[in-house]
Amino acid sequence: MLKIFPLKQTFVYGNHPLISFLRSISLSSQSQTPTLTPSSAASSSSSSSFPSDSSLRDALLKSRTPNEALKLFNSSLRKLNPINHLAPFSAIIHVLINAKLYKHARCLMKDLIDKLLNTLKPHRVCYALFKALNSLESPKFNPNVFGTLIIAFSEMGLVEEASWVYHKIGILPAVPVCNAFLNGLVKKGMFESMWQFHTDMLSRGMVSNFVTYGVLIDGCCGQCDVLKARSLFDEMVEKGIEPTVVIYTILIRGLCNESQMTEAENMFKLMRDSGVLPNVYTYSALIDGYCKMADIKRALNLYQDMLRNLLPNVVIFGCLINGLCKVGELRSARNFFVYMAKFGVVPNIYLYNCLIDSHCKAGNLSEATGLCSEMTKFEITPDVYTYSILIKGLCSEGRVKEADDLLQKMNKEGVCANAVTYNSLIDGYCKAGYMEKALNVCSQMTKKGVEPNVITFSSLIDGHCKAGNVETAISLYLEMIIKSLVPDVVAYTALIDGHCKDGKMKEALRLHKEMLEAGLTPNVFTISCLIDGLCKDGKISDAIGLFLEKTDKTNGGFCSPNHVMYTSIIQALCNDGRIFKASKFFSDMRFDGLRPDVITYVVMLQGHFQARHMPDVMMLHADMIKMGIMPNAVTNEVLASGYQENRYLKSAFRCFEDLKRNQALDVVLSQENL
């Protein structure tokens, strides 16, 4: 319920948009139907005399026809300050309602509300308008003005004000008014209020029609309650109310949004069987649903089915192009993009952004920039999303200088960068190790009024940790806490990794505990950092315990082991002389489908050499070659030294020869590069 405050007379009047609205009304020339002539307004507005508020109101109400009243109102409009002269506005609205010109009355009301909102708060506007409309003492007073006011507020998203008027009038408005109010609540996402008001309306005698059911079904879909939506649909049919194409489409879209494609197809079939023809929006709902499920084949079949009776619009092409891009069919997406011209469909910024984003993710930056140039050629101005996509794409390829130049171009063209734009560039500089430049971009960001968020801080913390500036990273972390920003998994993982590399395992484990208490689930990189840190700190048993706890999915584990985990544990066990335990982990690594890399093989070879297990060394050496991992300078040096120390001189000689050949080849290649 609204709280009513006394009005303040602070309105500053300027050129009123109602003038252009009233002049634009075109009505027939019948005696009872109003028409407006701009000339009358011009002649009257130049008059030196101006009637008082009450006399103008009375003159409007005494007009013989709506046309005469509108001429008089139009001629006086330039001198009317709505705040101080609401009575004439109230009078002309009553005149329009009495003439059943509801649409024009509603448009006038909305323009008047919009103007009043420049000076007054919504609840004050509501009170002032209601008071003005209600205070008219004339036989021409029409209570339907309040229904029109409810519709106007609802359509403008001012549902609290519409609610106040609904309760204030004390009677049930007409069904179209109730439907408009309920729809306003749905559009604002106020679903609980929608059900409360619907129950109240029913208790006061409202009889729901197909529009009411459509609004309620839309509300159910907005709440992701398609079961209730279907129940309402069935209830409607049982009452003998025939569903329209709009209602079918709302329900089909709701089912598609919940990925219930079988049920959506059944509803589509029921729709056709009932003799209701699907429209382009019905098809777009189904096509979009299948594209989101990556079922492009079915989406294309529906598109072909649609072409038998309907022409595609930009929404249909948007669904198909976006769907094709997501499954990597960029050529097909481009073909559809070109094919749009056949149907006279003009591409929009959304479609260009979709294609540019897909090419950037595929690493086709030249194609992406080409599309951006094509946009400008067709006078489609790149927006913040276009630039953000390109900046992120350039940064992902390490081309941060070009990305920075693009940001400066944005600024020159007056396109305001958002947090996503700045964060992409900051992350790019952090990953490239240019921390000073990353901080400069952060300063630009704050100067432009864009507040750094969790992603900004996470990128900076990660960058500083990787650069070995753990103290700076901690300062940023503390700044986040002061700003009431909750660190995310990326920030915690970066800090944990930084402390692990510094050998501060106590602090790393404390951060891990804090992370868990904050309700965050560590990812595979977090666990990898901790296991590697524990191994290097000599706490092998703790590392193995953590490994088993987090990777054993039968006992609550959540992540799959990776190379870093296995290699860290294998190396620690080998250094500790526990080669048999290390061999067990090496076998488990292969069993988990992970292919050991050259580092893992080198670690195992060194362990076997140290334990003087020469048969195992030879088997491992052969296995490495069999796996397609050819010995490099590092492996040859390890093998040569190991064989020599264990007096396998022939094998050592061969490895030394291989090492010399590799070194000679490296020299030749380096000279060629020079």
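This is a predicted model: local features need pLDDT of at least 70, side-chain atom pairs count only at pLDDT 80 or more; totals for chains, interfaces and linings use all residues.

Student: At what angle do the axes of H33 and H34 cross?

Tutor: Two packed helices are described by the angle between their axes and the distance between the axes. Here the axes of H33 (residues 579-591) and H34 (residues 598-611) come within 10 Å and cross at roughly 155 degrees. That makes H33 roughly antiparallel to H34, a term for angles over 145 degrees. Axes are lines fitted to C-alpha atoms over the stretch in contact, with angles from 0 to 180 degrees between N-to-C directions.

Student: Which residues of H33 and H34 meet?

Tutor: Contact means heavy atoms within 4.5 Å. Ile579, Ala582, Ser583, Phe586, Met589 and Arg590 in H33 meet Thr600, Tyr601, Met604, Gly607, His608 and Ala611 in H34. By class, this contact has 7 nonpolar, 4 polar and 1 charged residues. Ala, Val, Leu, Ile, Met, Phe, Trp, Tyr, Cys and Pro count as nonpolar, Asp, Glu, Lys and Arg as charged, and the others, Gly among them, as polar.

Student: How many residues of H18 are buried?

Tutor: Buried means under 20% relative accessible area, with a 1.4 Å probe and protein chains only. In H18, 10 of the 13 residues are buried, so this helix is largely enclosed by the rest of the structure. Its buried residues, among them Phe317 and Leu320, pack against H16 (280-292), H17 (296-306), H19 (330-339) and H20 (349-361).

Student: What do the buried residues of H20 pack against?

Tutor: They pack against H18, H19, H21 (365-377) and H22 (384-396). Tyr352 and His359 are among the buried residues of H20. Just after H20, Gly363 takes a positive phi of about 85 degrees.

Student: How many helices does the protein chain have?

Tutor: The chain has 37 helices and 0 strands, which are DSSP runs numbered from the N terminus: H or I with at least four residues for helices, E with at least two for strands. Of its 674 residues, 48% are buried.

Note on methods
Residues are numbered from 1 along each chain as its sequence is written. Side-chain values use heavy atoms; hydrogens and water are left out. Angles under 35 degrees count as roughly parallel, over 145 as roughly antiparallel, 65 to 115 as roughly perpendicular and the rest as oblique. Buried means under 20% relative accessible area, exposed over 50%, partly exposed in between (1.4 Å probe, protein chains only).
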